[in-house]
Amino acid sequence: IIERFLGRAGRHSLVPGEDAGSDELPSESSTQEQVYRDASQALHILPLMAFFPIFWMLYDQQGSVWTLQATRMNLHGLEPEQLQFL
């Protein structure tokens with residue numbers, strides 16, 4: 001089943017004018033060209049994706065800063081961790 005799925009996955013094309021229903025396997029050169037195009041597209045979004053870990057690191061740090069500040073406050077019976085959910 002997996003081979004059948006993977007075999008058909010490479011045959012479909014979204015490029016207008018190409019026959020998507022062909023039973024022919026793509027040639028080795030066209031497969032290599034597609035790999036290069038895919039790698040090029042992935043490299044274009046790499047700078048954008050590099051900022052996501054930095055964003056989430058700073059976002060999570062903000063939550064811990066709120067908890068540290070709450071330890072110094074008069075909370076009237078609440079725990080510092082409970083203030084994040086109020």
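Student: Why is Trp56 called partly exposed?

Tutor: First, note that this is a predicted model. The relative accessible area of Trp56 is 45%. Buried means under 20% and exposed means over 50%, so Trp56, at 45%, falls in between and is partly exposed.

Student: What makes Phe55 and Trp56 an edge-to-face pair?

Tutor: The structure holds 3 aromatic pairs. In the pair of Phe55 and Trp56, the ring centres are 5.0 Å apart and the angle between the planes is 75°. Centres must lie within 6.5 Å to pair, and planes over 60 degrees apart count as edge-to-face, so both conditions hold for Phe55 and Trp56.

Student: Why is the pair of Phe55 and Tyr59 called stacked?

Tutor: The ring centres of Phe55 and Tyr59 are 6.0 Å apart, and their planes meet at 20°. Planes under 30 degrees apart count as stacked, so this pair is stacked. Both residues belong to helix H2, 4 residues apart, which is about one turn of the helix. Phe55, Trp56 and Tyr59 form one aromatic cluster.

Student: How do you know whether Phe55 is buried or exposed, or something in between?

Tutor: Its relative accessible area is 46%, so Phe55 is partly exposed.

Student: Which nonpolar patch lies on the surface?

Tutor: The patch is formed by Ile45, Leu48, Met49, Phe52, Phe55, Trp56 and Tyr59, and together they have about 750 Å² of accessible area. Patch residues need over 30% relative accessible area. Met49, in helix H2, has 42% relative accessibility and counts as partly exposed.

Student: How do you know that the end-to-end distance of helix H2 agrees with its number of residues?

Tutor: H2 runs over residues 28–70, which is 43 residues. At 1.5 Å a residue, the helix should span 63 Å, and its end C-alpha atoms are 62 Å apart, so the two agree.

Student: Where in H2 does a kink lie?

Tutor: The kink is at Leu46, shortly before the proline Pro47, and amounts to about 45°.

Student: Why does His76 count as exposed?

Tutor: His76 has 70% relative accessibility. The cut-off for exposed is over 50%, so His76 counts as exposed. His76 is in the segment after H2. Its phi is positive, about 55°, although His76 is not a glycine.

Notes. Residues are numbered from 1 along each chain as its sequence is written. This is a predicted model: local features need pLDDT of at least 70, side-chain atom pairs count only at pLDDT 80 or more; totals for chains, interfaces and linings use all residues. Side-chain values use heavy atoms; hydrogens and water are left out. Helices (H or I, at least four residues) and strands (E, at least two) are DSSP runs, numbered from the N terminus. The expected span of a helix is 1.5 Å times one less than its number of residues. The bend at a residue is the angle between axes fitted to the seven residues ending there and the seven starting there. Buried means under 20% relative accessible area, exposed over 50%, partly exposed in between (1.4 Å probe, protein chains only). Patches are made of residues with over 30% relative accessible area and no salt bridge: like charges are joined within 9 Å, nonpolar side chains (Val, Leu, Ile, Met, Phe, Trp, Tyr) within 5 Å. Accessible areas come from the Shrake-Rupley method with a 1.4 Å probe; for residues, only the protein chains shown count as cover. A salt bridge is a side-chain nitrogen of Lys or Arg within 4 Å of a carboxyl oxygen of Asp or Glu.
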